Amino acid sequence: QATAVQKAEDLHSLSGKLLALFPAGTSNADLPNVKTYAKPNIWTDTDNFKAVVAKLPGLEQGLTDAVKKGEKPMILAAIGNLGKNGCGACHSTYRAKMPQQ
């Protein structure tokens, strides 16, 4: 459980850094010869992108709290919520599909 708590806290610490990872001009359309899966709509739909990123800390805190309590149903619900409304909301809209390897 201590490792799970640490990993949840690590994830939580990353969300504040996300916006800086996507400077203008770094989409897959801008850099066709570079492995970037960022779609150009990150910069044309910036307000929504920022709104999704702004939700992450609360969703991640929910996961951290659930892991600390150690209650499996609560953890699964928090993972589902984070996956759907956090990571998934961003990836499904702003991330191009990775090629199958």
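Author: Helices (H or I, at least four residues) and strands (E, at least two) are DSSP runs, numbered from the N terminus. This is a predicted model, in which local features need pLDDT of at least 70 and side-chain atom pairs count only at pLDDT 80 or more, whereas totals for chains, interfaces and linings use all residues. Residues are numbered from 1 along each chain as its sequence is written, and side-chain values use heavy atoms, with hydrogens and water left out.

Reader: Which helices each supply at least two residues of the lining of the largest pocket?

Author: On a 1 Å grid over the protein atoms alone, a pocket is an open set of points where a 1.4 Å probe fits, with protein on both sides within 12 Å along at least five of seven lines; lining residues have an atom within 4 Å of a point. Here the helices are α1 (2-14), α3 (46-69) and α4 (72-94), and α4 gives the most, five residues. The lining has 21 residues, with Leu18, Phe22, Cys90, His91 and Arg95 nearest the pocket centre.

Reader: How many disulfides does a search of the whole structure find?

Author: A disulfide is a pair of cysteine sulfur atoms within 2.5 Å. The search finds zero. Cys87 is in no disulfide, and its nearest cysteine sulfur is that of Cys90; the separation of 8.4 Å is too far for a bond.

Reader: Is Cys90 buried or exposed?

Author: Buried means under 20% relative accessible area, exposed over 50%, and partly exposed in between (1.4 Å probe, protein chains only). Cys90 is buried, at 16%, while Cys87 is partly exposed, at 35%.
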